[in-house]
Amino acid sequence: MTEPTSHRRLEAGVLLIGATGIAFEIALVRVFSIAQWHHFAYMIISMALLGFAVSGTVLGLVGERIRGREIAPLRAGAFLLPVALIACYEASQAIPFETLQLTTRPAQWALLLLLYLTLSIPFFLVSWCIALALLLRPAHVGRVYFANMIGSGLGALAVVLGLFVLPAPAVPYALAFVGMGAFVLVADTDRRWFGGVFVLAAALAGLLALRGPAPIRLSEYKGLSHARQFPDARIAAETESPLSRLTIVRSSLIRETPGQVSGYPMERLGPFPEQAGLFFDGGAISPIHRFDGSLDSLAFLDYVTGALPYQVVSRPDVL
């Protein structure tokens, strides 16, 4: 049996694998918040738990067969993890799942199952590697578990900070490089795999240079999807943070008011001011009005339903 030459290399590899798993989970929460809606983002937790459960079940079934030879399947899992991060993320964005069609199109349930199975694979591999590391070092379970927990904490912190710099779709690709580093640590004395890691790294770098990360597949029912269909629509600005993706769309067809407009004398007071559409995670539009310094250009706001209290009471006494 060939084992890593040091406990520290194995524990460092486990630390990076734990960091990769939790960072990928948090990144998928952001991806789902943008692609669908925030209440569906919590499915990621159950996807991760599915991968962990299947991994534990498989190890329970084959545990006796690999006893004393845990290092080989551990290295195989660590090698496959970077591949799975990219392949499963890209596959998930190719699955035409729509949450709002679950009650009208039974096929969407099959797509949801496919999405679960696809995105649970990286978590299967994370759990597989950590469990095998625990089996490999039965006398040092506490050290291995400590490395896993420290890695998870650092991964959560790193991905939150990283989302200030990287868009959510780029995170799985960045984590793939972290996963490759984890494999190099776990492989240690077995150099046969290193050529494959070099090829993976070169292929990933080439993919990012030529095409970039696979974009998030935005639900066709989201407000941003509708706004993009306007003939003259263009994205004026877009920024991203751990909290939301902010998109500003400009189009002459954007006409939104905070409530129903009734009786507005456009002939006398003039048309609505130019507007841009503000979208948070591609959701419902929030209009931004061009302000020329004169309140007369915003006179239409006196005719929306929300202005009724101001018409009834001229000098309100409010807290």
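Modeller: On a 1 Å grid over the protein atoms alone, a cavity is a set of points where a 1.4 Å probe fits but cannot get out, and lining residues have an atom within 4 Å of a point. Points are joined across faces, edges and corners, and the volume is the space filled by probe spheres set on them. Bear in mind that this is a predicted model: local features need pLDDT of at least 70, side-chain atom pairs need 80 or more, and totals for chains, interfaces and linings use all residues. Residues are numbered from 1 along each chain, and side-chain values use heavy atoms, without hydrogens or water.

Biologist: How many cavities of 30 Å³ or more does the search find?

Modeller: One. The largest cavity holds about 100 Å³ of space.

Biologist: Which helices each supply at least two residues of its lining?

Modeller: Helices here are DSSP runs of H or I, at least four residues, and strands are runs of E, at least two, numbered from the N terminus. H1 (7–35) and H4 (71–94) are the two helices, and H1 gives the largest share, three residues. Among the lining residues are Val-31, Phe-32, Gln-93 and Arg-217.

Biologist: And what about the nonpolar core?

Modeller: Buried means under 20% relative accessible area, exposed over 50%, partly exposed in between (1.4 Å probe, protein chains only). A nonpolar core joins buried Ala, Val, Leu, Ile, Met, Phe, Trp, Tyr and Cys residues through side-chain atoms within 4.5 Å. The largest one has 70 residues, and those with the most contacts inside it include Phe-32, Leu-74 and Phe-97. Helix H5 (residues 107–136) contributes most to this core, 14 residues.

Biologist: What does Leu-74 touch, beyond four places in sequence?

Modeller: Contact means heavy atoms within 4.5 Å. Leu-74 reaches Leu-10, Trp-128, Cys-129, Leu-132, Ala-133, Leu-136 and Val-186.

Biologist: How many disulfides are there?

Modeller: A disulfide needs two cysteine sulfur atoms within 2.5 Å, and the count by this rule is zero. For Cys-88, the nearest cysteine sulfur is that of Cys-129, 14 Å away. Cys-88 counts as buried because its relative accessibility is 7%, and Cys-129 does so at 1%.

Biologist: Is Thr-247 buried or exposed?

Modeller: Buried, because its relative accessible area is 0%. Thr-247 sits in strand S2 (residues 245–250). Its C-alpha is 5.9 Å from that of Ala-237, ten residues apart in sequence. Beyond four places in sequence, the contacts of Thr-247 include Ala-237, Leu-224 and Phe-279.

Definitions and conventions: 1 Å grid on protein atoms, 1.4 Å probe; cavity = no way out; pocket = protein on both sides within 12 Å on 5 of 7 lines; lining within 4 Å.
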